[in-house]
Amino acid sequence: MSKVKITFLGDIMCEPLLMKAAQNKYNTYNFDCVFQNIQELLSESDYVIGNLETPLAGKEAGYTQGLFEFNAPDEFADAVKKGGIDLVSTANNHCLDRGIDGLLRTIRVLDEKGIGHTGTFLPEQKRDNAFFFEIKNTRMAVVSYTYGTNYYENRISLDKMQANMINLLRPQEESCYILNKSTKKPALRKRIWGRFLRNFPLEQQYAIKRALRLPYNMAREDNNLNKSTMLPYIQKMQRDIKSAKEEADFVFFYPHVGGQFNLEPGRISKYVFEKAVESGCDAIIASHPHIVQRAEYYGKVPCFYSLGNFSMSPNSVYLLHENLPDYGIAVHIYIDEGKIIKVTFSILKIVESSKEPLSVYTVDELYGLLKSTSEKTKLMEEVSQIYQVVTGTQLKNGLVKREYSF
């Protein structure tokens, strides 16, 4: 049995700014820019897994126009495949952004492109408890679940058969997060502006508020834990992990859960992680908060609460920039002789400007490209901030490198 390296990425997104940059005069798209500067890192792994946070519902369904309703061209899947990603999770809050038909078409497009997928399923096929793959005689499985499906935006209620097509962690109607309770009630002037801005589309509301230096977005909490309503969903998740463990040498749990832009994992995340560890998974790697959150060991199980973004636009009006949403991490799990021998992570930065379409860099690669001392100093400071979030310790000597030990 030879050494195996498995890499996990965060939220792979395709927003309007990226789509505009990727569109050519023939109204087709090329998204290679996203992955061209990260391919070397990904090529060093035996298998790469990411969260595909957009449907592939087809042009007729309308491509992404706003903040909360995604749909990417099929060419985005081509770039994902070419970029070196082998498996994607489709269980996330955007999986129903173009309805059931969009969810089903996404699965079929991924099949056509030869990209592995798990978390959502076709009704005519047997629902798999996990996605299995084998590398160098080591059999592995990925179990993927989501906290919800943007129920309060798309209002799509699933019947019993449809609900079995998506791995959910709790009832759909509970799948929204509350604003951070520490947020104070806005002053009268801000409330007046708020009432006025309701007449504008949501994205314009964010932009206007930012221009006026008003609060335009807030961190979310995932503390609204209801164990009784979650119980049947958690039990199904646990059955999937246990069943996968009977067939695989290693089982990775890859949930979509957490409070957006909130550095602190909430009660729901902690509960889900606890129950997954109890079921026998070998590692937990999560996404959704759109920032990097801490990692820790539950016993011997490495647990990453949030890998942050892989390809979310740094110029999106939705972002809260305090906790560096333009950074993410790639988690690398090394396996040898039937056990996990090492866990590391690479710090990634998303770069986007009027001159350069969105592209993802490893920080060591980016550091080598920067010309000014001030740019390099800023990058080192931000890398140190991300490192401290993940590990809870300070980065010695402020070193910018390819992989950091966990």
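**Hairpins, pockets and a buried helix residue**

Visitor: In the hairpin of strand 11 and strand 12, which residue takes a positive phi near 65°?
Guide: The hairpin has 2 residues between the strands. Strands here are DSSP runs (E, at least two residues), as helices are (H or I, at least four), all numbered from the N terminus. The residue with the positive phi is Gly299.

Visitor: What kind of model is this?
Guide: Residue numbers start from 1 along each chain as its sequence is written, and side-chain values use heavy atoms, with hydrogens and water left out. Local features need pLDDT of at least 70, side-chain atom pairs count only at pLDDT 80 or more, and totals for chains, interfaces and linings use all residues, since the model is predicted.

Visitor: Over how many bridges do strand 11 and strand 12 pair?
Guide: Pairing requires at least two bridges found by DSSP between two strands. Strand 11 covers residues 295-298 and runs antiparallel to strand 12. Within this pair, Tyr297 stands opposite Pro302. The number of bridges is 4.

Visitor: Which residue stands opposite Cys303 of strand 12?
Guide: Strand 12 also pairs with strand 10 (residues 283-285). That pair is parallel, with 2 bridges. The residue opposite Cys303 is Ile284.

Visitor: Are the residues on the two faces of strand 12 (residues 301-304) buried or exposed?
Guide: In a regular strand, side chains alternate between the two faces of the sheet. Val301 and Cys303 lie on one side of strand 12, Pro302 and Phe304 on the other. Buried means under 20% relative accessible area, exposed over 50%, and partly exposed in between (1.4 Å probe, protein chains only). Both faces are covered, and these four residues are all buried.

Visitor: Which residue of strand 15 is the bridge partner of Lys349?
Guide: Strand 14 (residues 339-351) runs antiparallel to strand 15, joined by 4 bridges. Strand 15 (residues 359-362) is covered on both faces, with Ser359 and Tyr361 buried on one side and Val360 and Thr362 on the other. The partner of Lys349 is Tyr361.

Visitor: Which element gives the most to the lining of the second largest pocket?
Guide: The pocket has 14 lining residues, and Lys349, Val351, Leu366, Leu370 and Glu375 lie nearest its centre. Strand 14, helix 12 (363-369) and helix 13 (373-391) each give two or more residues. The top contributor, with 4 residues, is helix 13.

Visitor: What is the volume of the second largest pocket?
Guide: A 1 Å grid over the protein atoms alone is used: a cavity is a set of points where a 1.4 Å probe fits but cannot get out, a pocket is an open set with protein on both sides within 12 Å along at least five of seven lines, and lining residues have an atom within 4 Å of a point. Grid points are joined across faces, edges and corners, and a volume is the space filled by probe spheres set on the points. For this pocket the value is about 340 Å³.

Visitor: How many residues in the lining of the second largest pocket are charged?
Guide: Ala, Val, Leu, Ile, Met, Phe, Trp, Tyr, Cys and Pro count as nonpolar; Asp, Glu, Lys and Arg as charged; the others, Gly among them, as polar. The lining has 7 nonpolar residues and no polar ones. The charged count is 7.

Visitor: How many residues in the lining of the largest cavity are polar?
Guide: The structure holds 1 cavity of 30 Å³ or more, and the largest has a volume of about 60 Å³. Its lining consists of Leu52, Thr54, Pro55, Thr90, Asn92, His94, Cys95, Leu103, Thr106 and Thr120. Of these, 4 are nonpolar and none is charged. The polar count is 6.

Visitor: What is the relative accessible area of Val390?
Guide: Val390 is found in helix 13. Contact means heavy atoms within 4.5 Å. Leaving out residues up to four places away in sequence, Val390 touches Val292, Gln293, Arg294, Ala295, Phe304, Ile329, Phe345 and Phe406. Val390 counts as buried because its relative accessible area is 0%.

Visitor: Is Asn137 buried or exposed?
Guide: Most residues other than glycine have a negative phi. Asn137, in the loop between strand 5 and strand 6, has a positive phi near 65°. At 63% relative accessibility, Asn137 is exposed.
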